[in-house]
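Hello,

Here is the structure I promised to pass on to you. Have a look at it first, and then read on for my notes.

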Amino acid sequence: QVVLVESGGGSVQAGGSLRLSCVASRYSVSTNYMAWFRQAPGKEREGVAAIYHLGGVTVYADSVEGRFTISQDNVKNTVYLQMDSVEPEDTAMYYCAARRGGGGGNWYGPLGTESYNYWGQGTQVTVSS
């Protein structure tokens with residue numbers, strides 16, 4: 001059974017930084033699609049950043065482009081989301097997601113919610129102004 005465990009969330013002032021981590025078990029982050037999503041109260045879950053093709057390709061939502069960085073450590077089997085210059089609008093529950101390997105299945109792009117099969121429990125990020 002694939003397990004994804006997020007950590008690193010917390011409270012931060014606007015303009016500050018946080019680094020989220022997602023450790024995967026029974027799943028290789030290096031050879032599949034991994035992504036970070038977020039969901040604010042009353043809003044739909046949205047894709048924030050994705051990484052794939054052995055970590056060589058990264059994709060970002062327009063709202064975080066230039067401020068957030070997704071990366072992976074293949075030895076630790078961990079994906080990170082470095083969040084810089086955070087804004088109050090970044091306040092949300094952040095989720096790590098992984099796509100089932102082997103091809104097939106729904107595909108709605110690297111930031112599409114339905115493209116991913118496995119989800120973590122989430123870590124809360126709160127940004128104060």
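Below are the overall picture and then the salt bridges.

A word on the basis: this is a predicted model, in which local features need pLDDT of at least 70 and side-chain atom pairs count only at pLDDT 80 or more, while totals for chains, interfaces and linings use all residues. Residues are numbered from 1 along each chain as its sequence is written, and side-chain values use heavy atoms, with hydrogens and water left out.

The chain has 11 strands and 0 helices (DSSP runs numbered from the N terminus: E of at least two residues for strands, H or I of at least four for helices). With a radius of gyration of 14 Å, close to the 14 Å that the globule rule gives for 129 residues, the chain is as compact as a globular protein of that length (the radius is taken over C-alpha atoms, and the rule is 2.2 Å times the number of residues to the power 0.38). Along the principal axes, the C-alpha atoms fill a box of roughly 45 × 30 × 25 Å.

Of the 129 residues, 44% count as buried (under 20% relative accessible area; exposed is over 50% and partly exposed in between, with a 1.4 Å probe and protein chains only). Among contacts with a separation of 6 or more, 59% join residues 24 or more positions apart (contact means heavy atoms within 4.5 Å).

Now to the charges. The whole structure holds 4 salt bridges (a side-chain nitrogen of Lys or Arg within 4 Å of a carboxyl oxygen of Asp or Glu). Arg38 takes part in a bridge to Glu46, with the closest N and O atoms 2.7 Å apart, and in another to Asp90, at 2.9 Å. The Arg38–Asp90 pair links distant parts of the chain: Arg38 sits in strand β4 (residues 34-39) and Asp90 in the loop between β8 (78-83) and β9 (92-98), 52 residues apart. Both Arg38 and Asp90 are buried, with Arg38 at 6% relative accessibility, whereas Glu46 is partly exposed at 34%.

Arg67 and Glu87 also meet in a salt bridge, 3.9 Å from N to O. Arg67 lies in the loop between β6 (57-60) and β7 (68-73), and Glu87 in the loop between β8 and β9, 20 residues apart. Arg67 is buried at 12% relative accessibility, while Glu87 is partly exposed at 33%.

Which residues are linked in a network of salt bridges? They are Arg38, Glu46, Arg67, Glu87 and Asp90.

Best wishes
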